[in-house]
Amino acid sequence: MNAASSSSRRHPARSTGLSDAPIWRRLQPFCAGTLVVILIGIPLWLVVATAGKSRGEALTPDLSPPSHWRLLANLEEVWRQGRVPAAFFGSLLIVVPAVIGVLVVGSMAAWILARRRSRLTATLYALAISGIVLPPAIVTLVLLLRQLGLAGSAIGMICVYMGIYLSTVIFFVTGFVRTIPPSLEEAAQIDGAGPVRVFVRVVLPLLRPVLATATILICLYVWNDVFYAFFIVGGRLDTLPLNLFQVASAGLYLNNWHLIFAYVILMSLPLVAVFTVAQRRIISGITNGAVR
C-alpha cells in the first residue's frame, strides 16, 4: 500500500511537465527560432550567397546558392580595386577616438549626475539625454564647423559623433551607476582617494558591462554612418561607407552586386570582432557581479 500510494503520488508530479504546459509556451522556442531565421538568417544568407557568385549570376540577387563559390576571389578583388585599405584606416581614424572619447566623457558625466541629487543636476540630466529624441541639424553643424575651422577634418567628424551619441552613453550609464552602492566610493575616499582615483579604481571597473553594450551600439552607428560623413568629410577623407558609395556611384560596381555584397562583408568583419569581444565583457561583468 505504501509503495502504491507513493508511486501514485509521484505520477502527477511527472505528468505536470512540458507536455501539460500551454501550447503557446511550448511553441515559444519554435517561434523564436523562426523569427531569427527570417530576420537574420535569410538576409545574411542573401549577402553571403550573392558575394560568392559570379557577375552573371549576381545580376538579380536571390537566395539561390552559387553554382561555383567565388567568395574569396571576390573579396580579394574588392580589396585590390575598391581602395579598401585606405578607407579602412580612415574609418579607424574616426571611429576609435570618437568611441573612446564619448565613453570616457559620458561615463564621467553620468557618474556625477547619478551621485548628486538636486534640481540643477536633474535639469542637466534632462538636457543631456534630450539628444536621444532631438535630431541634430546637419546644416547648423556644417556651418558651425566652418566657423571653427573644423569642416572637412577628422577632428570635426569626431566631435560631431561625440556630441550626437553622448546622450546615449549618459542615459545608459546613469541608470547603471545608481545601482552601485555609494559605500564602495565612500570607503575609497576614507582611504584618501580623490575623485579621479575613485572613478578610475572603483567606478569604472564596475561599468564594464554597460560600457561594453554602449560600445557595440556606438560602433555600429559610427562605423556604418554615411549621412553625416558625406556632408562633413565627404571628398576629404575616405571611410568604408563613403568609399562604397563613391565607387558604386562612379560605376566601378555598377550592376556588380557580387562585389558590392563582398564589400559589405569586408566592412562588417571589424564589427563582428568588436561584438565578440564586447559580448564576452558583458557576460564576464554580469558573472563577476553575481559572484560578488
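A polar contact here is a pair of N or O atoms within 3.5 Å; within protein, one must be able to donate a hydrogen and the other to accept it, and residues adjacent in sequence count only if both atoms are side-chain atoms. Keep in mind that this is a predicted model, where local features need pLDDT of at least 70 and side-chain atom pairs count only at pLDDT 80 or more, while totals for chains, interfaces and linings use all residues. Residues are numbered from 1 along each chain as its sequence is written, and side-chain values use heavy atoms, leaving out hydrogens and water.

**Stop one: Asn 243.** Select helix α13 (residues 240-250) and pick out Asn 243; helices are DSSP runs of H or I, at least four residues, numbered from the N terminus. Which side chain makes a polar contact with the side chain of Asn 243? Show Arg 83: the pair sits at 3.1 Å. Asn 243 counts as buried because its relative accessibility is 0% (buried means under 20% relative accessible area, with a 1.4 Å probe and protein chains only).

**Stop three: Thr 239.** Now select the loop between α12 (227-232) and α13, where you'll find Thr 239. Thr 239 is buried too, because its relative accessible area is 6%. Beyond neighbours within four places in sequence, Thr 239 contacts Ala 87, Gly 90, Ser 91 and Ile 94.

Notes. Helices (H or I, at least four residues) and strands (E, at least two) are DSSP runs, numbered from the N terminus. Buried means under 20% relative accessible area, exposed over 50%, partly exposed in between (1.4 Å probe, protein chains only). Contact means heavy atoms within 4.5 Å.
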